[in-house]
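Open your viewer and get ready to click along. We will go from the whole chain to single residues, one selection at a time.

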Amino acid sequence: MALLRWANGCAAVVSAIAVGAAACVLTWEATARYLFKIPSDWQDETSIFLLVGATFLSAGWVQEHRGHIGIQALSGVLSDSADRLRRYVSDIVTLAFCTFFCWKAWSLLIEAVKDGQITGSALGAPLWIPYGCMAIGMTLLALVLAVQVLTRQALQQPAAQ
């Protein structure tokens, strides 16, 4: 658990840096294009790669803190025990989906590395970069979900606030 928490913390820091870097890249793109009339073709792809990486790498950290958006419509009409059961079943279904997505992301990463796949743009960035972020991020997310399902976290009474 401590290693997973540390890995998610590191991934969250990298994600935050990536979002900041994407903001800088997009700011430069707008400034260079409109003020200095400098054409660019690398900024869009770079910012997309940074934001995809940030999204997937931070997913485990967000789930660890139960920060994902959840639909609370049923929690108001269900009893506390039924709502905890609903959240637990939701965690199991989410784990199944994320495990499949994780497997697929690793398959795409291996294929991209083996075949030397690149994007079709002038930049020609290697596709292992976003696929690697997807694979690592989904692995961290699936591990967090597995821990939450195995410890039955959703079934426990919430702490008094």
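Predicted model: local features only at pLDDT ≥ 70, side-chain atom pairs only at ≥ 80, totals over all residues.

Residues are numbered from 1 along each chain as its sequence is written, and side-chain values use heavy atoms, with hydrogens and water left out.

**Stop 1: the whole chain.** Show the cartoon and you will find 4 helices and 0 strands (DSSP runs, H or I of at least four residues for helices and E of at least two for strands, numbered from the N terminus). The chain has a radius of gyration of 19 Å, well over the 15 Å that the globule rule gives for 161 residues, so it is more spread out than a compact globule. That radius is taken over C-alpha atoms, and the rule is 2.2 Å times the number of residues to the power 0.38. Turn the model around: its C-alpha trace spans about 60 × 40 × 30 Å along the principal axes.

**Stop 2: helix H3.** Select residues 80-115, the 36 residues of H3. From first C-alpha to last, H3 reaches 52 Å, close to the 52 Å expected (1.5 Å times one less than its number of residues). Now colour its buried residues, among them Tyr 88, Leu 95, Cys 98 and Cys 102. Buried means under 20% relative accessible area, exposed over 50%, and partly exposed in between, with a 1.4 Å probe and protein chains only. What do the buried residues of H3 pack against? Show helix H2 (43-64) and helix H4 (128-150) to see their partners.

**Stop 3: the loop between H1 and H2.** Click on Leu 35, which lies in this loop and counts as exposed because its relative accessibility is 63%. Asp 41 sits in the loop between H1 and H2 too, and is partly exposed at 48%.

**Stop 4: Asn 8.** Leaving aside neighbours within four places in sequence, Asn 8 contacts Gly 60, Trp 61, Glu 64, Leu 140 and Val 144 (contact means heavy atoms within 4.5 Å).
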